[in-house]
Amino acid sequence: MASVVGTFTVDPRSRAAAKRRARTEGATGWAFVSPSVVIILGLSVVPVLWSLLLSFQVNDLVSPSEWVGLANYKALLKDPTFGSAVSHTLIYTVLYVPLSVIAGLAIAIALDRKIAFIGLYRTLVFVPFVVSAAAQGVLFSFVLDPEFGVANSVLHKLGLPAQGFFSDPGQALYLLVAISLWSGTGFCVIVYLAGLQGVSSELVEAARIDGAGRWGVLRHVTLPALTPVTIFLVLFQTINALQVFDLVFVTTKGGPLGSTTVIVYFIWEKAFKTFTAGYSAAAAYTLAVALLVVGVVLQVYRRRVASR
Amino acid sequence: MKRLPFSAWHFVLAPLALLFALPLVWLLVSSVMSNAEINRFPPALWPHGINLGGYRYVLGNALFPRWFLNSFIVSAVAVTANLVLGSLGGYAFARIRFAGSKVVLGLMLATMVIPFQLTMIPTFLVMKELGLIDTLGALIVPSLVTPLSVFLFRQFFVSLPRELEEAAWIDGCGRLRILISIVLPLARPALSTVAVLTFLATWNDLTWPLIAINSDSTYTLQLGLTTFQGQHHTQWAAVMAGNVITVLPVLLGFLLAQKAFIRSLASTGLKG
(Lines give C-alpha, C1' and ligand atoms only; values in the text may rest on other atoms or scores of the structure.)
Protein backbone atom coordinates (compact mmCIF):
# COMPACT_ATOMS: atom_id res chain seq x y z
CA MET A 1 0.00 0.00 0.00
CA ALA A 2 1.29 3.37 -0.94
CA SER A 3 1.06 5.95 1.81
CA VAL A 4 0.50 9.62 1.13
CA VAL A 5 2.84 12.26 2.47
CA GLY A 6 1.71 15.75 1.63
CA THR A 7 0.92 15.67 -2.08
CA PHE A 8 3.56 13.09 -2.93
CA THR A 9 2.86 9.42 -3.13
CA VAL A 10 5.75 7.60 -1.53
CA ASP A 11 6.47 4.11 -2.73
CA PRO A 12 7.15 1.87 0.29
CA ARG A 13 10.12 0.38 -1.56
CA SER A 14 11.80 3.77 -1.87
CA ARG A 15 11.01 4.44 1.78
CA ALA A 16 12.91 1.26 2.65
CA ALA A 17 15.73 2.44 0.40
CA ALA A 18 15.79 5.77 2.19
CA LYS A 19 15.95 3.98 5.52
CA ARG A 20 18.79 1.83 4.28
CA ARG A 21 20.57 4.88 3.00
CA ALA A 22 20.13 6.60 6.35
CA ARG A 23 21.69 3.60 8.06
CA THR A 24 24.71 3.55 5.76
CA GLU A 25 24.89 7.34 6.17
CA GLY A 26 25.52 6.81 9.87
CA ALA A 27 28.27 4.32 9.10
CA THR A 28 29.79 6.68 6.52
CA GLY A 29 29.72 9.55 9.02
CA TRP A 30 31.53 7.54 11.64
CA ALA A 31 34.01 6.22 9.10
CA PHE A 32 34.83 9.80 8.05
CA VAL A 33 35.30 11.17 11.56
CA SER A 34 36.81 8.18 13.35
CA PRO A 35 40.49 8.77 12.44
CA SER A 36 40.24 12.35 13.75
CA VAL A 37 38.24 11.30 16.80
CA VAL A 38 40.71 8.57 17.77
CA ILE A 39 43.78 10.78 17.33
CA ILE A 40 42.39 13.97 18.84
CA LEU A 41 40.47 12.51 21.77
CA GLY A 42 43.05 9.77 22.33
CA LEU A 43 45.84 12.30 22.63
CA SER A 44 43.89 14.83 24.70
CA VAL A 45 41.22 13.31 26.94
CA VAL A 46 43.33 10.34 27.99
CA PRO A 47 46.46 12.44 28.73
CA VAL A 48 44.45 15.07 30.62
CA LEU A 49 43.05 12.45 33.01
CA TRP A 50 46.43 10.74 33.20
CA SER A 51 48.08 14.06 34.12
CA LEU A 52 45.55 14.53 36.88
CA LEU A 53 46.43 11.11 38.32
CA LEU A 54 50.15 11.87 37.94
CA SER A 55 49.74 15.09 39.90
CA PHE A 56 48.72 13.02 42.93
CA GLN A 57 51.70 10.71 42.56
CA VAL A 58 55.46 10.58 42.82
CA ASN A 59 56.65 9.45 39.40
CA ASP A 60 60.08 9.49 37.71
CA LEU A 61 58.76 8.33 34.29
CA VAL A 62 60.50 4.95 34.78
CA SER A 63 59.74 3.11 38.02
CA PRO A 64 56.20 2.43 39.38
CA SER A 65 54.60 5.48 40.89
CA GLU A 66 53.48 6.06 44.44
CA TRP A 67 50.23 7.77 45.53
CA VAL A 68 50.86 10.89 47.63
CA GLY A 69 47.52 12.71 47.50
CA LEU A 70 47.81 16.49 47.55
CA ALA A 71 51.47 16.50 48.62
CA ASN A 72 52.69 17.79 45.23
CA TYR A 73 50.29 20.75 45.34
CA LYS A 74 51.22 21.56 48.93
CA ALA A 75 54.92 21.42 48.03
CA LEU A 76 54.30 23.74 45.05
CA LEU A 77 52.78 26.38 47.29
CA LYS A 78 55.92 26.37 49.44
CA ASP A 79 58.43 26.09 46.58
CA PRO A 80 60.18 29.47 46.18
CA THR A 81 61.31 28.51 42.63
CA PHE A 82 57.68 28.00 41.60
CA GLY A 83 56.74 31.27 43.27
CA SER A 84 59.34 33.18 41.32
CA ALA A 85 58.38 31.33 38.12
CA VAL A 86 54.82 32.57 38.63
CA SER A 87 55.95 36.14 39.24
CA HIS A 88 58.32 36.13 36.20
CA THR A 89 55.49 34.83 34.04
CA LEU A 90 53.13 37.51 35.37
CA ILE A 91 55.66 40.31 34.75
CA TYR A 92 56.20 39.02 31.22
CA THR A 93 52.44 38.77 30.58
CA VAL A 94 51.52 42.12 32.12
CA LEU A 95 54.08 43.85 29.90
CA TYR A 96 53.68 41.84 26.71
CA VAL A 97 49.89 41.67 26.36
CA PRO A 98 48.91 45.36 26.66
CA LEU A 99 51.98 46.57 24.77
CA SER A 100 51.46 44.20 21.84
CA VAL A 101 47.71 44.90 21.63
CA ILE A 102 48.03 48.69 21.89
CA ALA A 103 51.00 48.84 19.49
CA GLY A 104 49.10 46.47 17.19
CA LEU A 105 46.09 48.79 17.12
CA ALA A 106 48.20 51.92 16.59
CA ILE A 107 50.21 50.34 13.78
CA ALA A 108 47.08 48.87 12.17
CA ILE A 109 45.45 52.31 12.10
CA ALA A 110 48.63 53.78 10.62
CA LEU A 111 48.72 51.04 7.97
CA ASP A 112 45.00 51.33 7.14
CA ARG A 113 45.38 53.79 4.25
CA LYS A 114 45.98 53.67 0.53
CA ILE A 115 49.45 55.10 -0.06
CA ALA A 116 52.47 53.90 -2.02
CA PHE A 117 54.48 50.98 -0.54
CA ILE A 118 51.70 50.20 1.95
CA GLY A 119 51.83 46.51 0.97
CA LEU A 120 55.57 46.46 1.63
CA TYR A 121 55.14 48.14 5.02
CA ARG A 122 52.51 45.62 6.05
CA THR A 123 54.67 42.71 4.92
CA LEU A 124 57.70 43.92 6.88
CA VAL A 125 55.72 44.54 10.09
CA PHE A 126 54.18 41.09 9.91
CA VAL A 127 57.08 38.98 8.69
CA PRO A 128 58.78 38.40 12.10
CA PHE A 129 55.61 36.59 13.22
CA VAL A 130 56.32 33.59 10.98
CA VAL A 131 59.90 33.25 12.30
CA SER A 132 60.12 30.42 14.84
CA ALA A 133 60.89 31.17 18.48
CA ALA A 134 64.03 29.04 18.16
CA ALA A 135 65.30 31.12 15.23
CA GLN A 136 64.41 34.37 17.04
CA GLY A 137 66.22 33.19 20.15
CA VAL A 138 69.36 32.18 18.27
CA LEU A 139 69.36 35.44 16.29
CA PHE A 140 69.00 37.65 19.36
CA SER A 141 71.51 35.62 21.35
CA PHE A 142 73.96 36.74 18.68
CA VAL A 143 72.75 40.35 18.36
CA LEU A 144 72.86 40.73 22.16
CA ASP A 145 76.06 38.75 22.73
CA PRO A 146 78.03 40.96 25.15
CA GLU A 147 81.32 40.38 23.29
CA PHE A 148 80.53 39.71 19.64
CA GLY A 149 77.04 41.17 19.32
CA VAL A 150 76.10 44.11 17.14
CA ALA A 151 74.08 45.73 19.96
CA ASN A 152 77.14 46.48 22.09
CA SER A 153 78.99 47.46 18.95
CA VAL A 154 76.38 50.14 18.24
CA LEU A 155 76.41 51.29 21.88
CA HIS A 156 80.19 51.58 21.62
CA LYS A 157 79.90 53.74 18.47
CA LEU A 158 77.42 55.98 20.30
CA GLY A 159 79.83 56.27 23.23
CA LEU A 160 77.48 54.40 25.59
CA PRO A 161 78.63 51.74 28.06
CA ALA A 162 78.48 48.07 27.04
CA GLN A 163 75.61 46.03 28.48
CA GLY A 164 75.40 42.48 29.80
CA PHE A 165 72.01 41.80 28.18
CA PHE A 166 71.10 38.12 28.71
CA SER A 167 73.91 37.73 31.25
CA ASP A 168 72.41 40.51 33.37
CA PRO A 169 69.66 39.25 35.73
CA GLY A 170 68.15 42.74 35.77
CA GLN A 171 67.71 42.87 31.98
CA ALA A 172 67.08 39.36 30.69
CA LEU A 173 63.32 39.13 31.32
CA TYR A 174 62.67 42.57 29.78
CA LEU A 175 64.72 41.64 26.72
CA LEU A 176 62.49 38.56 26.29
CA VAL A 177 59.45 40.86 26.37
CA ALA A 178 61.07 43.10 23.74
CA ILE A 179 61.88 40.19 21.42
CA SER A 180 58.34 38.84 21.79
CA LEU A 181 56.97 42.29 20.96
CA TRP A 182 59.10 42.36 17.81
CA SER A 183 57.68 39.07 16.60
CA GLY A 184 54.20 39.07 18.18
CA THR A 185 52.91 42.58 17.44
CA GLY A 186 52.48 41.77 13.74
CA PHE A 187 49.75 39.27 14.56
CA CYS A 188 47.74 41.95 16.41
CA VAL A 189 48.30 44.27 13.45
CA ILE A 190 46.84 41.91 10.86
CA VAL A 191 43.89 40.93 13.03
CA TYR A 192 43.13 44.62 13.69
CA LEU A 193 43.60 45.45 9.99
CA ALA A 194 41.04 42.78 9.12
CA GLY A 195 38.78 44.14 11.88
CA LEU A 196 39.11 47.72 10.62
CA GLN A 197 37.68 46.64 7.24
CA GLY A 198 34.50 45.79 9.14
CA VAL A 199 34.11 49.21 10.76
CA SER A 200 31.21 50.87 8.98
CA SER A 201 32.47 53.79 6.92
CA GLU A 202 28.97 55.30 7.09
CA LEU A 203 29.21 55.53 10.87
CA VAL A 204 32.62 57.20 10.55
CA GLU A 205 31.21 59.64 8.00
CA ALA A 206 28.20 60.38 10.19
CA ALA A 207 30.45 61.08 13.18
CA ARG A 208 32.61 63.38 11.02
CA ILE A 209 29.57 65.29 9.86
CA ASP A 210 28.46 65.63 13.49
CA GLY A 211 31.75 67.41 14.09
CA ALA A 212 33.85 64.63 15.62
CA GLY A 213 37.60 65.03 15.19
CA ARG A 214 40.04 62.22 14.56
CA TRP A 215 40.19 61.31 18.28
CA GLY A 216 36.44 61.52 18.61
CA VAL A 217 35.92 59.09 15.72
CA LEU A 218 38.54 56.74 17.17
CA ARG A 219 37.10 56.83 20.68
CA HIS A 220 33.41 56.74 19.90
CA VAL A 221 33.20 54.80 16.62
CA THR A 222 36.30 52.78 15.77
CA LEU A 223 37.25 51.44 19.21
CA PRO A 224 33.74 50.31 20.21
CA ALA A 225 33.36 48.56 16.83
CA LEU A 226 36.67 46.77 17.42
CA THR A 227 35.87 45.62 20.97
CA PRO A 228 35.27 41.94 20.02
CA VAL A 229 38.61 41.91 18.16
CA THR A 230 40.35 43.48 21.15
CA ILE A 231 38.91 40.93 23.56
CA PHE A 232 39.98 38.10 21.27
CA LEU A 233 43.52 39.49 21.01
CA VAL A 234 43.84 40.01 24.77
CA LEU A 235 42.71 36.42 25.30
CA PHE A 236 44.97 35.01 22.60
CA GLN A 237 48.05 36.97 23.66
CA THR A 238 47.50 36.25 27.37
CA ILE A 239 47.22 32.51 26.76
CA ASN A 240 50.40 32.60 24.66
CA ALA A 241 52.26 34.75 27.16
CA LEU A 242 51.39 32.54 30.14
CA GLN A 243 52.76 29.59 28.15
CA VAL A 244 56.02 31.20 26.96
CA PHE A 245 58.78 28.59 26.78
CA ASP A 246 60.69 28.15 23.48
CA LEU A 247 62.25 31.61 23.50
CA VAL A 248 63.34 31.21 27.14
CA PHE A 249 64.79 27.77 26.47
CA VAL A 250 66.85 29.00 23.51
CA THR A 251 68.14 32.26 25.00
CA THR A 252 68.55 32.01 28.77
CA LYS A 253 67.53 28.52 29.93
CA GLY A 254 65.78 30.25 32.82
CA GLY A 255 68.91 32.16 33.89
CA PRO A 256 70.87 34.16 34.77
CA LEU A 257 70.35 33.35 38.45
CA GLY A 258 66.88 32.03 37.68
CA SER A 259 65.70 35.49 36.62
CA THR A 260 63.82 34.19 33.56
CA THR A 261 62.47 30.89 34.90
CA VAL A 262 58.84 31.03 33.74
CA ILE A 263 56.08 28.55 34.65
CA VAL A 264 56.36 26.33 31.58
CA TYR A 265 60.15 26.24 31.90
CA PHE A 266 59.62 25.09 35.49
CA ILE A 267 57.16 22.41 34.30
CA TRP A 268 59.54 21.18 31.60
CA GLU A 269 62.51 21.12 33.95
CA LYS A 270 60.66 19.16 36.63
CA ALA A 271 59.38 16.60 34.11
CA PHE A 272 62.29 16.03 31.77
CA LYS A 273 65.40 17.21 33.61
CA THR A 274 64.91 16.23 37.23
CA PHE A 275 62.35 13.50 36.38
CA THR A 276 59.79 14.51 38.98
CA ALA A 277 56.84 14.02 36.67
CA GLY A 278 54.15 14.07 39.38
CA TYR A 279 55.39 17.40 40.68
CA SER A 280 55.54 18.74 37.13
CA ALA A 281 51.98 17.58 36.43
CA ALA A 282 50.77 19.42 39.54
CA ALA A 283 52.39 22.62 38.26
CA ALA A 284 50.87 22.04 34.81
CA TYR A 285 47.40 21.62 36.35
CA THR A 286 47.85 24.82 38.32
CA LEU A 287 48.72 26.66 35.10
CA ALA A 288 45.83 25.04 33.21
CA VAL A 289 43.33 26.16 35.82
CA ALA A 290 44.71 29.72 35.61
CA LEU A 291 44.38 29.63 31.80
CA LEU A 292 40.84 28.33 32.08
CA VAL A 293 39.88 31.14 34.45
CA VAL A 294 41.33 33.76 32.09
CA GLY A 295 39.50 32.16 29.17
CA VAL A 296 36.14 31.93 30.92
CA VAL A 297 36.31 35.49 32.29
CA LEU A 298 37.09 36.95 28.87
CA GLN A 299 34.43 34.82 27.14
CA VAL A 300 31.78 35.95 29.61
CA TYR A 301 32.89 39.54 29.09
CA ARG A 302 32.72 39.09 25.31
CA ARG A 303 29.18 37.67 25.52
CA ARG A 304 28.12 40.60 27.64
CA VAL A 305 29.61 43.11 25.19
CA ALA A 306 28.04 41.29 22.24
CA SER A 307 24.57 41.26 23.78
CA ARG A 308 24.67 44.97 24.53
CA MET B 1 47.85 52.47 -12.35
CA LYS B 2 47.09 55.84 -10.83
CA ARG B 3 49.97 57.43 -8.93
CA LEU B 4 49.16 58.03 -5.33
CA PRO B 5 49.97 61.44 -3.82
CA PHE B 6 52.94 61.54 -1.45
CA SER B 7 51.85 61.16 2.15
CA ALA B 8 53.48 62.38 5.35
CA TRP B 9 52.71 58.94 6.79
CA HIS B 10 55.84 57.65 5.04
CA PHE B 11 57.93 59.42 7.69
CA VAL B 12 56.25 57.25 10.33
CA LEU B 13 55.76 54.02 8.44
CA ALA B 14 59.13 53.67 6.71
CA PRO B 15 61.23 53.79 9.92
CA LEU B 16 58.70 51.54 11.64
CA ALA B 17 58.83 48.92 8.88
CA LEU B 18 62.62 49.16 8.93
CA LEU B 19 62.66 48.51 12.67
CA PHE B 20 60.75 45.25 12.18
CA ALA B 21 62.90 44.23 9.20
CA LEU B 22 66.30 45.11 10.67
CA PRO B 23 66.93 41.97 12.78
CA LEU B 24 66.19 39.77 9.76
CA VAL B 25 68.45 41.88 7.54
CA TRP B 26 71.16 41.47 10.15
CA LEU B 27 70.56 37.70 10.19
CA LEU B 28 71.21 37.54 6.45
CA VAL B 29 74.17 39.92 6.55
CA SER B 30 75.96 38.22 9.44
CA SER B 31 75.53 34.79 7.82
CA VAL B 32 77.92 35.89 5.05
CA MET B 33 80.49 37.52 7.33
CA SER B 34 83.83 35.96 8.16
CA ASN B 35 84.58 34.89 11.71
CA ALA B 36 87.43 37.42 11.77
CA GLU B 37 84.96 40.26 11.14
CA ILE B 38 82.61 39.04 13.84
CA ASN B 39 85.26 38.29 16.46
CA ARG B 40 86.89 41.71 16.17
CA PHE B 41 86.11 44.27 18.86
CA PRO B 42 83.96 46.14 18.25
CA PRO B 43 82.50 43.72 15.69
CA ALA B 44 82.04 44.94 12.11
CA LEU B 45 78.66 46.44 11.23
CA TRP B 46 78.89 45.46 7.57
CA PRO B 47 80.81 42.69 5.79
CA HIS B 48 83.64 43.52 3.38
CA GLY B 49 82.58 40.82 0.98
CA ILE B 50 80.41 37.77 0.79
CA ASN B 51 81.97 34.93 2.74
CA LEU B 52 80.20 31.60 2.36
CA GLY B 53 82.34 29.84 4.98
CA GLY B 54 79.42 29.62 7.40
CA TYR B 55 77.18 27.93 4.84
CA ARG B 56 79.96 25.59 3.77
CA TYR B 57 80.45 24.60 7.40
CA VAL B 58 76.80 23.92 8.26
CA LEU B 59 76.12 22.06 5.01
CA GLY B 60 79.36 20.06 5.10
CA ASN B 61 80.40 19.51 8.71
CA ALA B 62 77.07 19.62 10.48
CA LEU B 63 73.88 17.62 10.20
CA PHE B 64 71.83 20.55 8.84
CA PRO B 65 70.91 18.77 5.56
CA ARG B 66 69.66 15.81 7.60
CA TRP B 67 67.69 18.07 9.97
CA PHE B 68 66.20 19.88 7.01
CA LEU B 69 65.02 16.56 5.58
CA ASN B 70 63.58 15.51 8.96
CA SER B 71 61.65 18.78 9.32
CA PHE B 72 60.46 18.50 5.75
CA ILE B 73 59.19 14.94 6.25
CA VAL B 74 57.35 15.81 9.48
CA SER B 75 55.75 18.95 8.01
CA ALA B 76 54.83 17.33 4.68
CA VAL B 77 53.18 14.33 6.35
CA ALA B 78 51.40 16.56 8.88
CA VAL B 79 50.05 18.92 6.20
CA THR B 80 48.86 16.07 3.97
CA ALA B 81 47.26 14.21 6.86
CA ASN B 82 45.51 17.33 8.16
CA LEU B 83 44.09 18.04 4.70
CA VAL B 84 42.83 14.48 4.26
CA LEU B 85 41.59 13.71 7.78
CA GLY B 86 40.45 17.27 8.47
CA SER B 87 38.34 17.49 5.31
CA LEU B 88 36.84 14.02 5.85
CA GLY B 89 35.91 14.83 9.44
CA GLY B 90 34.83 18.37 8.66
CA TYR B 91 32.60 17.17 5.82
CA ALA B 92 30.93 14.52 7.97
CA PHE B 93 30.26 17.02 10.76
CA ALA B 94 28.88 19.56 8.28
CA ARG B 95 26.70 17.34 6.08
CA ILE B 96 26.12 13.83 7.36
CA ARG B 97 23.57 13.17 10.09
CA PHE B 98 24.81 10.41 12.33
CA ALA B 99 24.22 9.43 15.95
CA GLY B 100 26.52 11.19 18.37
CA SER B 101 27.93 13.70 15.89
CA LYS B 102 27.04 16.78 17.95
CA VAL B 103 28.51 15.35 21.15
CA VAL B 104 31.73 14.23 19.45
CA LEU B 105 32.16 17.56 17.69
CA GLY B 106 31.59 19.45 20.92
CA LEU B 107 34.09 17.26 22.73
CA MET B 108 36.68 17.75 19.99
CA LEU B 109 36.27 21.52 20.03
CA ALA B 110 36.54 21.51 23.81
CA THR B 111 39.97 19.87 23.57
CA MET B 112 41.27 23.02 21.83
CA VAL B 113 41.45 24.77 25.20
CA ILE B 114 43.70 22.09 26.73
CA PRO B 115 47.18 23.55 27.11
CA PHE B 116 50.03 21.44 25.76
CA GLN B 117 51.79 21.26 29.14
CA LEU B 118 48.89 19.22 30.48
CA THR B 119 49.22 16.52 27.85
CA MET B 120 52.96 16.45 27.25
CA ILE B 121 54.04 13.97 29.94
CA PRO B 122 51.33 11.37 29.18
CA THR B 123 51.85 11.86 25.43
CA PHE B 124 55.54 11.16 26.02
CA LEU B 125 54.63 7.99 27.92
CA VAL B 126 52.18 6.89 25.20
CA MET B 127 54.82 7.43 22.51
CA LYS B 128 57.30 5.48 24.63
CA GLU B 129 54.83 2.58 24.86
CA LEU B 130 54.40 2.69 21.09
CA GLY B 131 58.19 2.57 20.68
CA LEU B 132 58.15 5.89 18.81
CA ILE B 133 60.33 8.00 21.11
CA ASP B 134 63.44 9.20 19.27
CA THR B 135 61.85 8.56 15.87
CA LEU B 136 60.10 10.95 13.50
CA GLY B 137 56.94 8.96 14.22
CA ALA B 138 56.76 10.55 17.67
CA LEU B 139 56.62 13.96 15.97
CA ILE B 140 54.21 12.90 13.24
CA VAL B 141 51.51 10.97 15.14
CA PRO B 142 50.35 13.80 17.46
CA SER B 143 50.22 16.26 14.54
CA LEU B 144 48.29 14.06 12.06
CA VAL B 145 45.09 16.02 12.63
CA THR B 146 44.18 18.91 14.92
CA PRO B 147 40.72 19.94 16.11
CA LEU B 148 41.34 23.32 14.44
CA SER B 149 41.74 21.65 11.02
CA VAL B 150 38.48 19.71 11.41
CA PHE B 151 36.71 22.83 12.66
CA LEU B 152 37.96 25.08 9.83
CA PHE B 153 36.84 22.57 7.21
CA ARG B 154 33.48 22.12 8.90
CA GLN B 155 32.85 25.88 9.00
CA PHE B 156 33.74 26.19 5.33
CA PHE B 157 31.54 23.26 4.23
CA VAL B 158 28.57 24.54 6.24
CA SER B 159 28.81 27.80 4.29
CA LEU B 160 28.64 26.05 0.89
CA PRO B 161 25.15 25.78 -0.63
CA ARG B 162 23.80 22.21 -0.41
CA GLU B 163 22.30 22.40 -3.91
CA LEU B 164 25.74 21.85 -5.41
CA GLU B 165 25.81 18.34 -3.99
CA GLU B 166 22.16 17.43 -4.45
CA ALA B 167 22.28 16.51 -8.14
CA ALA B 168 25.16 14.12 -7.53
CA TRP B 169 23.37 12.69 -4.47
CA ILE B 170 20.22 11.98 -6.47
CA ASP B 171 22.34 10.33 -9.17
CA GLY B 172 23.46 7.92 -6.48
CA CYS B 173 27.00 9.25 -5.89
CA GLY B 174 28.55 8.19 -2.59
CA ARG B 175 29.67 10.72 0.02
CA LEU B 176 33.36 10.17 -0.63
CA ARG B 177 32.85 10.72 -4.35
CA ILE B 178 30.87 13.92 -3.70
CA LEU B 179 33.55 15.19 -1.30
CA ILE B 180 36.41 14.55 -3.70
CA SER B 181 34.91 15.61 -7.01
CA ILE B 182 32.46 18.36 -6.04
CA VAL B 183 33.20 19.83 -2.62
CA LEU B 184 37.00 19.83 -2.38
CA PRO B 185 37.58 21.62 -5.71
CA LEU B 186 35.53 24.49 -4.26
CA ALA B 187 37.36 24.43 -0.94
CA ARG B 188 40.66 26.05 -1.91
CA PRO B 189 40.45 28.75 0.80
CA ALA B 190 39.91 26.13 3.52
CA LEU B 191 42.60 23.85 2.09
CA SER B 192 45.17 26.63 1.98
CA THR B 193 44.27 27.88 5.47
CA VAL B 194 44.70 24.42 7.00
CA ALA B 195 47.92 23.83 5.03
CA VAL B 196 49.43 27.16 6.14
CA LEU B 197 48.52 26.79 9.82
CA THR B 198 49.70 23.16 9.98
CA PHE B 199 52.97 23.94 8.19
CA LEU B 200 53.73 26.89 10.50
CA ALA B 201 52.94 24.88 13.63
CA THR B 202 54.96 21.79 12.71
CA TRP B 203 57.94 23.48 11.05
CA ASN B 204 58.40 25.98 13.89
CA ASP B 205 57.78 23.66 16.85
CA LEU B 206 60.58 23.26 19.36
CA THR B 207 59.00 22.02 22.62
CA TRP B 208 57.75 18.64 21.46
CA PRO B 209 60.87 17.65 19.45
CA LEU B 210 62.93 18.67 22.48
CA ILE B 211 60.98 16.18 24.61
CA ALA B 212 60.52 13.36 22.10
CA ILE B 213 63.90 13.26 20.31
CA ASN B 214 67.33 12.40 21.76
CA SER B 215 69.67 11.46 18.89
CA ASP B 216 71.09 14.26 16.79
CA SER B 217 70.38 12.41 13.53
CA THR B 218 66.64 12.60 14.31
CA TYR B 219 66.59 16.31 15.27
CA THR B 220 64.36 18.71 13.41
CA LEU B 221 65.83 22.01 12.20
CA GLN B 222 64.57 23.99 15.21
CA LEU B 223 66.06 21.53 17.69
CA GLY B 224 69.24 21.12 15.64
CA LEU B 225 69.75 24.87 15.36
CA THR B 226 69.27 25.35 19.10
CA THR B 227 71.73 22.58 19.96
CA PHE B 228 74.21 23.72 17.30
CA GLN B 229 74.24 27.21 18.79
CA GLY B 230 74.99 25.79 22.23
CA GLN B 231 77.97 23.88 20.87
CA HIS B 232 79.37 26.52 18.48
CA HIS B 233 78.82 29.82 20.22
CA THR B 234 82.07 31.25 18.92
CA GLN B 235 81.28 30.44 15.27
CA TRP B 236 78.49 32.95 14.88
CA ALA B 237 78.69 33.10 11.06
CA ALA B 238 78.00 29.35 10.88
CA VAL B 239 75.21 29.62 13.46
CA MET B 240 73.58 32.43 11.47
CA ALA B 241 73.94 30.46 8.22
CA GLY B 242 72.14 27.58 9.92
CA ASN B 243 69.53 30.04 11.16
CA VAL B 244 68.93 31.33 7.62
CA ILE B 245 68.42 27.75 6.42
CA THR B 246 65.91 27.19 9.25
CA VAL B 247 63.91 30.35 8.56
CA LEU B 248 64.09 30.41 4.76
CA PRO B 249 61.33 27.88 3.92
CA VAL B 250 58.82 29.74 6.09
CA LEU B 251 59.88 33.14 4.77
CA LEU B 252 59.73 31.99 1.14
CA GLY B 253 56.38 30.33 1.73
CA PHE B 254 55.13 33.52 3.34
CA LEU B 255 56.35 35.79 0.55
CA LEU B 256 54.97 33.51 -2.19
CA ALA B 257 51.59 32.93 -0.55
CA GLN B 258 51.29 36.09 1.53
CA LYS B 259 47.57 36.50 0.95
CA ALA B 260 46.81 32.94 2.05
CA PHE B 261 49.03 33.35 5.14
CA ILE B 262 47.46 36.61 6.22
CA ARG B 263 43.91 35.52 5.50
CA SER B 264 44.49 32.27 7.41
CA LEU B 265 45.95 33.93 10.46
CA ALA B 266 43.49 36.82 10.49
CA SER B 267 40.58 34.41 10.15
CA THR B 268 41.63 32.51 13.28
CA GLY B 269 41.30 35.86 15.01
CA LEU B 270 38.01 37.08 13.63
CA LYS B 271 36.15 33.80 13.98
CA GLY B 272 37.84 32.73 17.21
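**Entry 1. Helix H8 of chain B**

I began with the buried residues of H8(B), and I list B:Pro147, B:Ser149, B:Val150, B:Leu152, B:Phe153, B:Phe156 and B:Phe157. I take buried as under 20% relative accessible area, exposed as over 50% and partly exposed as in between, with a 1.4 Å probe and protein chains only. The model is predicted, so local features need pLDDT of at least 70 and side-chain atom pairs count only at pLDDT 80 or more, whereas totals for chains, interfaces and linings use all residues. Residues are numbered from 1 along each chain as its sequence is written, chains are lettered from A in the order in which they are written, and side-chain values use heavy atoms, with hydrogens and water left out.

I then checked the length of helix H8 (residues 147-159) of chain B: at 1.5 Å a residue its 13 residues should span 18 Å, and the end C-alpha atoms are 19 Å apart, which agrees. The expected span is 1.5 Å times one less than the number of residues. Helices here are DSSP runs of H or I with at least four residues, numbered from the N terminus.

**Entry 2. The largest nonpolar core**

I looked up the largest nonpolar core and found 184 residues in it. Such a core is a set of buried Ala, Val, Leu, Ile, Met, Phe, Trp, Tyr and Cys residues joined through side-chain atoms within 4.5 Å. Those with the most contacts inside this core are A:Leu111, A:Val130, A:Leu233, A:Phe272, B:Ile121 and B:Phe157. Helix H8 (residues 172-197) of chain A gives the largest share of the core, 16 residues. Domain 1 (3-67) and domain 2 (72-307) of chain A both contribute residues, so the core lies between them; the domain bounds come from an automatic or database domain assignment.

For A:Leu233, I set aside neighbours within four places in sequence and noted contacts with A:Val101, A:Phe187, A:Cys188, A:Val191 and A:Tyr192. Contact means heavy atoms within 4.5 Å.

**Entry 3. The two domains of chain A**

I recorded 37 Å between the C-alpha centres of domain 1 of chain A and domain 2 of chain A. Their contact takes ten residues from domain 1 and eleven residues from domain 2.

**Entry 4. Backbone of chain A**

I found a cis peptide bond from A:Gly255 to A:Pro256, with omega near -10°. A:Pro256 sits in the loop between helix H11 (246-251) and helix H12 (263-272) of chain A. A:Leu257 is in the loop between H11 and H12 of chain A, and its phi is near 55°, a positive value in a residue other than glycine. A:Leu257 is exposed, with a relative accessible area of 82%.

I noted that phi of A:Phe275 is near 55°, also positive in a residue other than glycine. A:Phe275 lies in the loop between H12 and helix H13 (277-307) of chain A and is partly exposed at 41% relative accessibility.

**Entry 5. Two threonines**

I placed A:Thr123 in helix H5 (residues 118-126) of chain A. A:Thr123 is buried, with a relative accessible area of 11%. Neighbours within four places in sequence aside, A:Thr123 is in contact with B:Phe254, B:Leu255 and B:Gln258.

I located B:Thr218 in the loop between helix H12 (207-212) and helix H13 (221-231) of chain B. B:Thr218 counts as buried at 12% relative accessibility. B:Thr218 and B:Leu63 are 155 residues apart in sequence, and 9.7 Å apart in space, C-alpha to C-alpha.
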